[in-house]
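Take a moment with the sequence and the model below.

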Amino acid sequence: MDPFTIAFIASQGLKVAGALQMGGLAKEQAALKREIAELNARAAERDAFEAVRIGLGKKANYMACAEDVVQKQNVIFAYADVDTSFGTARQLQEETRLIGRLNAADISNAAYAQALGYKRQALNYRLNSQLQSSAVEAQSAQNLTASVIQAGANIGMNFDKLSFGGGAGEPAGLNIDSTLSYGNFDGPSDNLGLDLSVPQLGF
């Protein structure tokens with residue numbers, strides 16, 4: 001095997017090694033993105049927890065304020081000597097309590113809706129990270145396989161040519177020097193530009 005063939009094979013090997021290295025770098029970047037996505041997902045989950053906690057706190061405060069309004073109504077009705085067990089006074093207090101419960105439910109629903117949005121965000125962070133990581137894995141494997149196949153094809157074609165010396169019908173594995181020993185050349189070589197004529201010997 002001549003130096004050119006060795007150098008060519010080495011160059012193809014470097015191409016495969018380069019594809020392997022690039023795949024490794026891409027996987028490292030994907031791993032880093034997964035870590036960042038996980039941090040963002042955990043932050044979103046903390047925001048969801050805080051949204052519920054704050055929302056429930058607001059709900060409790062509002063319910064307390066609504067009950068305080070009812071108590072103040074009782075004081076006013078008592079001062080006016082109005083019976084709150086029936087009639088308009090009772091209806092007014094029932095409506096006050098109902099409005100209070102409805103508003104408290106709205107506060108609670110808003111908190112849970114906000115928390116749900118954060119949880120979806122956390123899920124999207126993780127899902128997108130996994131999809132990107134899978135895509136990188138597949139692309140790296142595809143690039144490496146293509147590089148190996150291409151390198152093998154290049155080596156096969158060029159090694160075959162070099163092995164046959166570029167001539168048709170020559171014995172496999174023989175170079176120009178060994179061919180000369182068989183006396184198959186009687187003129188100048190077209191390949192190397194050298195005078196390879198066989199001298200005529202007299203007997």
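A salt bridge is a side-chain nitrogen of Lys or Arg within 4 Å of a carboxyl oxygen of Asp or Glu. Side chains of opposite charge can pair when their charged atoms come close. Arg-53 and Glu-50 make such a bridge, with their closest N and O atoms 2.6 Å apart.

Two notes before going on. This is a predicted model, where local features need pLDDT of at least 70 and side-chain atom pairs count only at pLDDT 80 or more, while totals for chains, interfaces and linings use all residues. Residues are numbered from 1 along each chain as its sequence is written, and side-chain values use heavy atoms, with hydrogens and water left out.

Now the overall fold. The protein chain has three helices and zero strands. Helices (H or I, at least four residues) and strands (E, at least two) are DSSP runs, numbered from the N terminus. Along the sequence the pattern reads α-α-α.

Where does the Arg-53 and Glu-50 pair sit? Both residues lie in helix H1, three residues apart, so about one helical turn separates them. Arg-53 is partly exposed, at 49% relative accessible area. Glu-50 is partly exposed too, at 30%. Here buried means under 20% relative accessible area, exposed over 50%, and partly exposed in between (1.4 Å probe, protein chains only).

Helix H2 has a pair of its own. Glu-94 bridges to Arg-90, with the closest N and O atoms 3.2 Å apart. These two are four residues apart in helix H2, again about one helical turn. Glu-94 has a relative accessible area of 43%, and Arg-90 has 42%.

Which bridge ties helix H1 to helix H2? Arg-126 and Glu-45 meet in a salt bridge of 2.9 Å, N to O. Arg-126 lies in helix H2 (residues 87-164) and Glu-45 in helix H1 (residues 3-79), so the pair ties together parts that are 81 residues apart in sequence. Arg-126 is partly exposed at 24%, and Glu-45 at 33%. The pair also belongs to a network of salt bridges that links Glu-38, Arg-42, Glu-45 and Arg-126. The structure holds seven salt bridges.

Finally, the whole chain. Of its 203 residues, 18% count as buried. A contact means heavy atoms within 4.5 Å. Among contacts with a separation of 6 or more, 71% join residues 24 or more positions apart. The accessible surface comes to about 14500 Å², and 60% of that belongs to carbon and sulfur atoms. Such areas come from the Shrake-Rupley method with a 1.4 Å probe; for residues, only the protein chains shown count as cover.
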